[in-house]
2 protein chains.
Amino acid sequence: MTLSDEVRIALDGKWRHVREQSRTELAAMELAYDLDLDIDAARERTLRQLHGLVPTGVPAAGFRTEHGGGGDPGMAVTGIEMLAQFDLSLMVKAGVQWGLFGGAVENLGTERHRDLIPRLIELDLVGCYAMTEIGHGSNVQHLETTATYDAETQEFVVDSPTPSATKDYIGNAAAHATVAAVYAQLVTRGENHGVHCFLVPIRDDQGQVLEGVEVGDDRHKGGLGGVDNGRLAFHQVRIPRVNLLNKYGDVAEDGTYSSPIDDVNRRFFSMLGTLVRGRISVGGSALAAAEVALSIAGRYALQRRQFGQEGEPEVLLADYRLHQRRLLPLLARSYAYRFAQNQQVSRMDRLQRATEPDAQQQRELEGRAAGLKAIMTWHASRAINESREMCGGAGYLAENRLTVLRGDIDVFTTFEGDNHVMLQLLSKELLTSYAKEVGGLDPFGMVRFVAETVADTVRERTAASQLIQRLIDAAPAGGDAHDLLDRGTQLSLFEDREQHLIETAARRLQRAAKAKGEEAFRIFNDAQDHLIRCGRAHVDRVVLEAFTAGIARCEDEEAADLLRQVCTVYALSVIEDDLAWFMAHNRISDQRAKAVTQLLNEQLAELRPHLLTLVEGLGVPEETLGAAMLLKQ
Amino acid sequence: MTLSDEVRIALDGKWRHVREQSRTELAAMELAYDLDLDIDAARERTLRQLHGLVPTGVPAAGFRTEHGGGGDPGMAVTGIEMLAQFDLSLMVKAGVQWGLFGGAVENLGTERHRDLIPRLIELDLVGCYAMTEIGHGSNVQHLETTATYDAETQEFVVDSPTPSATKDYIGNAAAHATVAAVYAQLVTRGENHGVHCFLVPIRDDQGQVLEGVEVGDDRHKGGLGGVDNGRLAFHQVRIPRVNLLNKYGDVAEDGTYSSPIDDVNRRFFSMLGTLVRGRISVGGSALAAAEVALSIAGRYALQRRQFGQEGEPEVLLADYRLHQRRLLPLLARSYAYRFAQNQQVSRMDRLQRATEPDAQQQRELEGRAAGLKAIMTWHASRAINESREMCGGAGYLAENRLTVLRGDIDVFTTFEGDNHVMLQLLSKELLTSYAKEVGGLDPFGMVRFVAETVADTVRERTAASQLIQRLIDAAPAGGDAHDLLDRGTQLSLFEDREQHLIETAARRLQRAAKAKGEEAFRIFNDAQDHLIRCGRAHVDRVVLEAFTAGIARCEDEEAADLLRQVCTVYALSVIEDDLAWFMAHNRISDQRAKAVTQLLNEQLAELRPHLLTLVEGLGVPEETLGAAMLLKQ
């Protein structure tokens with residue numbers, strides 16, 4: 001086994017068998033997007049490919065065995081991520097059908113909707129997921145579509161009261177779906193019980209749009225040409241009472257509303273909580289796309305020469321310091337996020353297999369998934385963009401794939417909600433845990449309390465936490481710049497920054513809790529960039545810990561050593577990016593700070609000889625990269 | 001006249017009449033790119049549009065009156081920038097034909113090539129500009145194509161000896177050009193005299209490719225679908241001796257080489273120097289595209305509401321602090337770069353009208369154009385990307401234009417050479433001026449010398465320099481954070497950072513001057529990121545000075561006040577981005593540094609009420625934005 005095999009095994013994680021299977025099966029399917037197809041042909045092609053996925057078992061994996069599924073949530077997410085390495089249109093269409101639509105039926109429906117699951121797995125039933133409205137992107141709780149119960153006919157009347165209530169950007173809506181999972185305000189007996197999800201037939205078997213349903217086509221987008229995104233408006237559309245996905249709220253024949261969760265907010269967030277797998281898939285898929293782009297740029301840097309000394313062969317791009325600074329930190333981040341992603345997929349898998357999932361762990365997973373989704377999709381955008389630039393004019397040709405990836409990945413930063421909203425969600429969750437612990441204490445008491453206990457509330461008790469504490473405890477004291485190479489020092493800097501940001505944010509927002517209306521909004525709004533920082537710092541810390549834990553699990557010593565170098569580059573590059581904060585808050589002295597860039601540069605030079613190993617370790621086989629320029633030489 | 005009119009007038013600059021004319025004429029041409037066209041139809045459409053531009057006089061403006069042109073270089077560049085506000089494919093195709101191809105004929109040719117100019121202005125002759133080779137993107141000096149003189153037939157034999165010598169990414173090559181301006185190593189009597197430019201016919205009047213010419217098609221790209229980029233390889237293609245564009249080097253009938261410039265390096269850079277207008281156009285066009293994107297995102301932020309307090313209308317995006325932080329600094333940068341761009345267009349215009357242009361000013365212009373091109377194209381990429389994100393799912397629909405802009409602008413960061421190469425070019429130029437002044441002094445002497453005189457070498461004697469010096473002299477001393485709002489303080493921070501970076505880079509590279517081979521490369525390579533920083537810092541300083549000078553020229557007091565606020569946001573946002581450097585080098589104390597973000601946030605809140613004025617001031621009329629979502633509400 002080569003070193004790159006060992007690295008890849010560490011990175012592949014627990015569902016390595018799924019990755020290996022996908023690498024073979026998907027490579028045989030010729031999935032590369034064809035830009036010569038017109039919009040209709042491209043959509044039909046992607047639908048055909050979707051049918052081709054059914055026999056792989058990946059679609060079924062996401063559903064529980066008692067519903068005819070494979071009962072392997074980890075496999076479902078890993079399978080989606082692998083699709084993303086081949087074709088993001090197909091990944092999105094699969095995510096819409098089996099993840100969002102199928103997920104809604106399974107997680108929000110009850111016994112009476114179970115028969116649909118085998119049909120939707122097999123694509124006998126193609127659905128869409130009609131949540132987002134034109135006027136209400138991230139603010140789902142206040143969407144306008146209504147579903148009003150009519151006890152006389154035992155039907156719900158689904159209606160879009162205004163143009164801004166139109167559902168938009170809905171995958172599968174423009175052409176292929178026959179049914180929509182529609183989020184609407186449930187109204188019965190004149191009372192609004194908040195957002196619920198309803199199955200609304202939108203096309204008949206011949207594909208004709210049903211009466212009262214108005215379908216629009218979003219047509220061309222920045223990418224994802226194989227996905228038929230569209231608009232849906234409903235004009236007094238009647239559906240049977242039983243089409244309500246009634247797990248979290250039901251309406252009896254006579255119109256009586258009932259729910260296992262009394263509080264309307266808590267009910268709403270419980271429903272949304274079922275979406276966590278989608279969020280994890282979106283982040284993981286973006287990361288997979290970044291892995292493809294960095295594999296292309298990494299290999300190009302090892303074959304492309306430019307400039308050099310008179311009379312000598314030109315210098316490889318990979319040997320320029322600047323190119324190392326552009327490429328290697330992104331590669332290190334990809335490694336880091338992969339370990340974090342694998343960790344969260346494992347946790348999600350464990351929770352979703354449990355009969356009684358722990359509510360606290362569920363909430364933590366949701367918050368973290370939101371944060372990782374934001375950071376990983378931004379990383380993907382940046383990595384793909386930089387990869388394109390690193391390949392110059394050649395990178396701009398579609399035949400070298402980077403621009404296709406770029407166009408496709410663009411929307412991932414606002415999929416599942418704008419990334420800034422995602423980070424605020426995470427911060428809110430962090431502050432909520434925090435507030436629970438510190439609630440009711442006066443400011444001075446709080447500071448004391450914080451000093452004593454926040455370390456524990458911030459750092460969860462992961463399997464690796466003892467290791468991490470040991471590393472922190474072993475960190476050398478004192479001000480030598482080389483301390484920054486010490487993992488314990490890095491871990492403690494990351495943890496300390498997060499704590500400080502959360503504590504100070506909490507203090508600012510406590511004032512808002514006592515204020516009213518305008519004033520409360522002003523306090524919150526003033527702190528908004530602070531909250532975003534909390535979320536980022538949390539993700540950085542979680543990622544560094546996941547990387548550290550991943551290295552500890554790596555059984556090959558040589559691979560572990562290389563991963564340690566990569567981890568150091570990751571940590572230093574995060575520190576360099578936020579150096580002003582560490583300096584202004586006296587965490588890093590001016591003297592040490594000056595050395596950070598030099599330290600990082602040295603680490604990059606040490607990593608340079610391993611570039612090919614690291615690219616191979618990403619696990620995207622060269623023959624599936626689909627970049628013409630790499631084949632030419 | 002409204003305030004936004006006054007602001008727009010200040011921003012429009014000297015060629016405001018050209019902008020006003022283009023706004024009307026181009027709006028009437030229906031230029032928006034049509035994604036439903038296949039690749040051939042899209043190219044033909046853009047060619048037709050190109051013909052539509054001829055009567056506007058903009059194409060002729062770039063050529064000297066004695067050659068049948070309009071003799072207005074400033075108008076030529078401004079006209080190209082305005083095209084970029086409407087359709088970047090058309091802008092690129094115009095730039096290839098009249099800027100690059102036409103520019104080569106006019107600036108590298110002599111009397112014997114003059115007859116071609118009226119023909120190429122009228123599109124009676126369509127050409128392409130065959131410089132870049134697959135194996136040699138930015139390293140033009142070492143391209144492989146040869147043009148070997150055969151005295152027997154008085155012909156040059158043009159040849160691509162290897163596949164990597166193939167010209168690639170050449171606009172107009174795949175379909176429309178009948179002649180190529182080909183850069184090749186000129187060989188006569190067995191001696192290589194370096195790169196020269198030759199006119200090589202590639203198609204006959206019927207569009208058939210000529211013998212010995214091999215044409216490839218680059219097909220789909222990340223954007224710019226209206227431009228027919230292609231590949232050209234030459235197999236012993238014979239052209240008449242007079243097809244050499246012979247201004248900087250000629251071959252007599254008997255094969256004798258002669259040139260007005262003896263030194264081969266200096267000759268090469270003199271030829272490249274004629275390209276400065278292209279570089280200025282690329283940067284300015286990218287800026288124009290950013291203006292469109294920010295106009296769309298800015299207007300969207302003023303109509304789109306999301307979240308808010310229970311029972312109240314939702315809050316406008318523009319009222320969120322985070323949205324202000326995302327949008328307003330980009331808007332401020334666009335304003336700042338516009339002033340800098342206008343300034344450099346004026347200088348270019350003056351130099352290119354002169355009969356004996358000042359060589360030193362020419363070199364300065366070239367260096368600065370390279371740096372501004374890098375910074376402005378990156379800014380455009382970022383601004384368009386962020387604008388897309390700020391518009392969420394709607395931003396991803398092609399009908400809202402942002403993704404089309406994004407795809408088109410992507411390649412601008414590597415047009416005319418990779419941006420990092422551009423910044424190194426600038427830094428080299430800065431260090432060369434520096435080295436001339438300090439050459440030969442010992443290190444201690446140098447430091448003294450630096451302290452006394454570098455201020456003058458760094459800061460050119462612009463018309464505004466007295467004003468700038470006055471502002472710097474009036475800057476308050478001492479450590480109060482509010483100093484950072486003082487323009488003099490900002491100017492002096494920017495200037496001081498640049499000086500420090502150049503001095504320290506010079507000291508590092510002086511060691512390389514004495515070293516040899518490997519060791520010299522290592523020293524240079526180690527300093528590469530330092531050099532890039534020099535270039536960036538120089539551009540930041542030049543931009544702030546141009547903004548300051550632009551405000552001084554603004555005659556409307558209210559508009560000038562608003563521009564001052566925008567300038568402050570620009571300066572603070574640059575300082576915030578490089579805060580770690582200012583702290584580590586004791587330019588800003590930890591205490592003051594902590595206040596920077598808060599100061600910037602306050603400035604953003606003060607700018608918020610003027611958002612619509614600032615968007616309107618960009619001068620992209622609402623009806624030409626071409627974003628469907630803005631018309632819906």
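Setting aside neighbours within four places in sequence, B:Ala289 contacts B:Ala84, B:Leu88, B:Ala380, B:Ile384, B:Leu405 and B:Ile409 (contact: C-beta atoms, placed from the backbone, within 7 Å). The model is predicted: local features need pLDDT of at least 70, side-chain atom pairs count only at pLDDT 80 or more, and totals for chains, interfaces and linings use all residues. Residues are numbered from 1 along each chain as its sequence is written, and chains are lettered from A in the order in which they are written.

A:Ala289 and B:Ala289 have the most contacts inside the largest nonpolar core, a set of 383 residues. Such a core joins buried Ala, Val, Leu, Ile, Met, Phe, Trp, Tyr and Cys residues through C-beta atoms within 7 Å. Buried means 20 or more other C-beta atoms within 10 Å of the residue's own.

Between the chains, 50 residues of chain A contact 50 residues of chain B. The chain A side comprises 16 nonpolar, 18 polar and 16 charged residues (nonpolar: Ala, Val, Leu, Ile, Met, Phe, Trp, Tyr, Cys and Pro; charged: Asp, Glu, Lys and Arg; polar: the others, Gly among them).

B:Leu611 lies in helix α23 (residues 611-617) of chain B; helices are DSSP runs (H or I, at least four residues), numbered from the N terminus. B:Leu611 is buried because it has 20 C-beta neighbours inside 10 Å. Outside four places in sequence, B:Leu611 contacts B:Gly298, B:Leu302 and B:Ala318. B:Gln324 is 287 residues from B:Leu611 in sequence, yet their C-alpha atoms are 9.7 Å apart.

How values were computed. Buried ≥ 20, exposed ≤ 12 C-beta atoms within 10 Å, placed from the backbone. Contact = placed C-beta atoms within 7 Å. Helix = DSSP H or I, 4+ residues; strand = E, 2+ residues; numbered from the N terminus.
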